[in-house]
Amino acid sequence: AGETVFGVHGAADLTRHDALSILMPDLQHCGGPTGFRHVALEAENAHVAISNHLFTQTSVHLMVAAPNALVVELMPGWWDDLFDRPLDITAGMVRPPNDPGIGFRFTDAVDALLVPM
């Protein structure tokens with residue numbers, strides 16, 4: 001649970017009330033990578049495991065850094081065309097790239113999604 005909860009405080013309420021076994025922070029809802037790290041720490045302090053909610057290309061790095069990470073959520077095919085290469089998944093394990101930033105580059109397909117301002 002938790003993928004629709006907003007902010008660190010919303011996620012902390014779930015862990016404080018012992019309302020879940022696995023917390024699934026969503027990068028958009030918890031405040032990006034920094035918020036994700038805060039949510040993961042709240043969950044760790046409450047002895048609750050975490051799994052990311054989508055955005056695997058970014059959240060795989062955050063999951064590697066979280067001692068209470070249990071499983072990485074992946075929706076195959078959802079955003080594959082947006083990135084220059086697929087995630088490295090071998091024997092059921094996903095590995096974050098070592099390249100700078102999130103380790104992926106956007107493809108030209110992203111241009112079609114941009115809305116002019």
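Trp78 is partly exposed, with 49% relative accessible area (partly exposed lies between buried, under 20%, and exposed, over 50%, using a 1.4 Å probe and protein chains only). This is a predicted model, in which local features need pLDDT of at least 70 and side-chain atom pairs count only at pLDDT 80 or more, while totals for chains, interfaces and linings use all residues. Residues are numbered from 1 along each chain as its sequence is written, and side-chain values use heavy atoms, leaving out hydrogens and water.

**Aromatic rings**
- There are four aromatic pairs in the structure (rings of Phe, Tyr and Trp, the last by its six-membered ring, with centres within 6.5 Å; planes under 30 degrees apart are stacked, over 60 edge-to-face, the rest tilted).
- One of them is the stacked pair of Phe55 and Trp79, at 5.7 Å centre to centre and 10 degrees between the planes.
- Phe55 sits in the loop between strand 2 and helix 4 (56-65), and Trp79, 24 residues apart from it, in the loop between strand 3 and strand 4 (88-90).
- Phe55 is partly exposed at 25%, and Trp79 is partly exposed at 28%.
- Trp78 and Trp79 make an edge-to-face pair, because their ring centres are 5.5 Å apart and their planes stand at 85 degrees.

- Three strands form an open sheet in the order 1-2-3, with parallel pairing (strands are DSSP E runs of at least two residues, and helices H or I runs of at least four, numbered from the N terminus; two strands pair if DSSP finds at least two bridges between them).
- Strand 1 (22-23) and strand 3 (69-71) are the edge strands, each pairing on one side only.
- Two bridges join strand 1 to strand 2 (residues 49-51), and Ile22 stands opposite Ala49 in strand 2.
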